[in-house]
Amino acid sequence: MLFDNLLGQEVAKRVLGLAWAEGRLGGSYLFYGPDGVGKEAAAMELAQAVNCPSDDRPCRECPSCRRVSNYQHPDFFYLAPIPHSSSESEKKKIAEEIAEQLKEKAARPYRSLEFDRPTAIAIEDIRELKLGLSFKPYEGGNKVALIVQADRMTEEAANAFLKILEEPSPTTLFILITDKPSALLPTIVSRCQKVRFDLLPTAAIETRLMDGFQVPEVEARLMAELSGGRMGRALEMLDEGFWEERDLAWNILESGLGGDYHMLLFHIGQAVERRGRPERVLDLMEELAADIMHLRYGRRVVNVDRLERLRILEGKLVPDLWEQLVFRIERAKSALKQNVTPRLCLLTAAAGGRVTESARQPNRSVAVF
């Protein structure tokens, strides 16, 4: 049955489920809300359901459903920010890399496509989509276009896509996904039915981890807390790399606030070695900064297993300057999405902040800018 496997999101499931059951599914939807809460999972279910031949759609087992989940269905178009090049040889390499990453994503749907160079949804992507949609469906009776991080369309791409929406096909379903709906063209937003997805209860994530993934109770509780209400983030923690990235976020922030720039540069070097790492490390640093604020004001913290280290970090900040720390991290995350080098983004987030006199370490600074 539709959305059986989707955790929480009762309002979104009710809105979409009723439209589906009554045969009045719209032609274009905007799924918006925080990352990792089920927007893409819901979109994939709809993409499977519209062409599934089973009586109880989606069955998730038929060839059509499996091809959608493997990103191989001829009537399913999946768009995400990718690198672009004018070189034919480079285009071939990019296509091969995308194909390989989609194979990995089919096994781990919560993972995003990650590249070590600038990405966007460009006008050539929209032109290719338009061409694909111009043909009749190959199988079943419908085409589905799923656009993740739709806010990452270039201006040209957004205007080109708007023209497609202005002349909708009755056999095409568009699903746009974003955590920043305000970054989309208002004219695109106005042509979509909007469905909000919210953060999930911690208890629900903990239960799913224990029942669905056999995670021990103590670990599941910590992972649910660290997830911040995002099941996608909790699933990332099943990969060993997440815990390495969490350690890197701690080490970078501690080195920066402590003025130990030699170690700061060392840890940043480790963070930029793998694609996707800098973005995830910055997310984790932002959560640490939030915990410092919560600790200062006696609120509940997320990183409960490292409370003492949090207290040490909190003591290194000049009173009332945690806001500057949060601002630096947010600015670094924004710069990273604008294709500023990851090394400089991490450096901007962690270095240059004022610390208490007792935390300063003279004779250990180096020129980092």
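Entry 1, α8 and α9. I looked up the handedness first: α8 and α9 cross right-handed (the near helix is turned clockwise from the far one by less than a right angle). The model is predicted, so local features need pLDDT of at least 70 and side-chain atom pairs pLDDT 80 or more, while totals for chains, interfaces and linings use all residues. Numbering starts from 1 along each chain as its sequence is written, and side-chain values use heavy atoms, without hydrogens and water.

I noted that helix α8 covers residues 202-213 and helix α9 residues 217-227. Helices are DSSP runs of H or I with at least four residues, strands are E runs of at least two, and both are numbered from the N terminus. The two axes come within 8 Å and cross at roughly 135°. Axes are lines fitted to C-alpha atoms, for helices over the stretch in contact, with angles from 0 to 180 degrees between N-to-C directions. The pair is therefore oblique (under 35 degrees is roughly parallel, over 145 roughly antiparallel, 65 to 115 roughly perpendicular, the rest oblique).

I listed the contact (heavy atoms within 4.5 Å). From α8 come T202, I205, E206, L209 and M210. They meet E217, A220, R221, M223, A224, E225 and S227 of α9. By class I have six nonpolar, two polar and four charged residues. Ala, Val, Leu, Ile, Met, Phe, Trp, Tyr, Cys and Pro count as nonpolar, Asp, Glu, Lys and Arg as charged, and the others, Gly among them, as polar.

Helix α15 (322-337) and helix α16 (342-350) have axes within 7 Å, crossing at roughly 170°. That makes α15 roughly antiparallel to α16. Among the contact residues I noted L325 and R328 of α15, and P342 and C345 of α16. The contact divides into nine nonpolar, one polar and two charged.

I found two cavities of 30 Å³ or more. A cavity is a set of points on a 1 Å grid over the protein atoms alone where a 1.4 Å probe fits but cannot get out; lining residues have an atom within 4 Å of a point. Grid points are joined across faces, edges and corners, and volume is the space filled by probe spheres set on them. α11 (240-258) and α13 (277-296) each supply at least two of its lining residues.

How values were computed: 1 Å grid on protein atoms, 1.4 Å probe; cavity = no way out; pocket = protein on both sides within 12 Å on 5 of 7 lines; lining within 4 Å.
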